[in-house]
Amino acid sequence: MKKFIIILAAILSMNAAVQAKTVKATFKVGGNCAELCKPRIEKAAKQTAGVISATWNQKDQMMSLVYDNEKTNVNKVEKAIAAAGHDAGNVKASSATYNKLPGCCQYRKTTAKKVVKKMNMKMDNNMKGMKM
C-alpha cells in the first residue's frame, strides 16, 4: 500500500509539472492598417514559440495575446514584434527596421502629423480670440 501511495504521488506531481499555465495579456502595438500591418504584427507574435493566439486591433492599437508561460513571456513577444518593425509594449522597434516598413505602415510619422495638426488647431483657436 505504501508503494502504491508513493507511485500515485509521483504521477500526480509529474502531471502538475507538465501542465503549463495559459496566460492572457494585452499590450499596445503601433501600426496603421489592417491590410499590411495587422498580418505582419500577428505573424511576428505567432512565430514566437509558446504563443497560442495573437490578435491585433487596429482601432485601439492593442494586441490580445494568449501564451504558454512555460515557453515564452510578453517581453519575448514584444521583441519579436519590434524586430518586425512595430513598437510593442515596452520595446521600441529600431529606426532601421521601422524605416523598412511600407510608407502606409509608418505610424510614427502619422502620429507626429496628428500632434502638429492638433497644435495648429489650438493656435488657430487662440488667435481667433485675440483682438487686433
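# A chat about the predicted model

Colleague: In what order do the elements of the protein run from the N terminus on?
Modeller: This is a predicted model, and in it the elements run α-β-α-β-β-α-α-α from the N terminus on. That order holds five helices and three strands.

Colleague: How much of the protein counts as buried?
Modeller: Of its 132 residues, 30% count as buried. As for contacts between residues at least 6 apart in sequence, 53% of them join residues at least 24 apart.

Colleague: Which residues touch the most other members of the largest nonpolar core?
Modeller: That core has 22 residues, and the ones touching the most other members are Phe27, Val29, Ile41, Met63, Leu65, Val77 and Ile81. Two or more core residues are given by each of strand E1 (22–28), H2, E2, E3 and H3, and the largest share, four residues, comes from H2. In soluble globular proteins, nonpolar side chains tend to be buried together.

Colleague: Then let's look at H2, where do its buried residues fall?
Modeller: The buried residues in helix H2 (residues 37–46) are Cys37, Ile41, Glu42, Ala44 and Ala45. Looking down the axis of H2, they fall within an arc of 160°, so they line one face of the helix. The cover over the buried residues of H2 includes strand E2 (51–57), strand E3 (62–68) and H3.

Colleague: And H3, which of its residues are buried?
Modeller: In H3 the buried residues are Val77, Glu78, Ile81 and Ala82. Because they cover an arc of only 140° around the axis, they are on the same side of H3, while Lys79 and Ala83 on the other side are exposed. What covers the buried residues of H3 includes E1, H2, E2, E3 and H4.

Colleague: What caps the N-terminal end of H3?
Modeller: Asn73 does so, with a side-chain oxygen 3.1 Å from the backbone nitrogen of Asn75. Just after H3, Gly85 takes a positive phi of about 110°.

Colleague: Moving on past H3, where is Asp87 found, and is it buried or exposed?
Modeller: Asp87 lies in the loop between helix H3 (74–83) and helix H4 (95–99). Its relative accessibility is 18%, and therefore Asp87 counts as buried.

Colleague: What does the side chain of Asp87 make a polar contact with?
Modeller: The partner is the side chain of Arg108, at 2.5 Å. Leaving out residues up to four places away in sequence, Asp87 touches Lys28, Val29, Gly30, Lys92, Ala93, Tyr107 and Arg108. Val29, with its neighbours within four places left aside, is in contact with Ile41, Trp56, Gln61, Met63, Ile81, His86, Asp87 and Ala88.

Colleague: Back to Arg108, which ring does its charged end sit over?
Modeller: The charged end of Arg108 sits over the ring of Tyr98, 4.2 Å from the centre of that ring.

Colleague: How many aromatic pairs does the count come to?
Modeller: The count comes to one aromatic pair. The rings of Tyr98 and Tyr107 have centres 5.3 Å apart and planes at 80°, so this pair is edge-to-face. Tyr98 and Tyr107 are buried.

Colleague: Change of topic: where is Ser64, and what does it touch?
Modeller: Ser64 has its place in strand E3, and at 37% relative accessibility it counts as partly exposed. Not counting residues up to four places away in sequence, Ser64 touches Ala25, Thr26, Ser53, Ala54 and Thr55. The C-alpha atoms of Ser64 and Lys28 are separated by 9.1 Å, with the two residues 36 apart along the chain.

Definitions and conventions. Residues numbered from 1 in each chain as written. Predicted model: local features only at pLDDT ≥ 70, side-chain atom pairs only at ≥ 80, totals over all residues. Heavy atoms only, no water. Buried < 20%, exposed > 50% of the residue type's maximum accessible area, 1.4 Å probe, protein only. Polar contact = N/O pair within 3.5 Å; in protein donor to acceptor, adjacent residues only side chain to side chain. Contact = heavy atoms within 4.5 Å. Arc of directions from axis to C-beta. Phe/Tyr/Trp six-rings, centres within 6.5 Å; stacked < 30°, edge-to-face > 60°. Lys NZ or Arg CZ within 6 Å of the ring centre and 35° of its normal. Core = buried A, V, L, I, M, F, W, Y, C linked by side-chain atoms within 4.5 Å.
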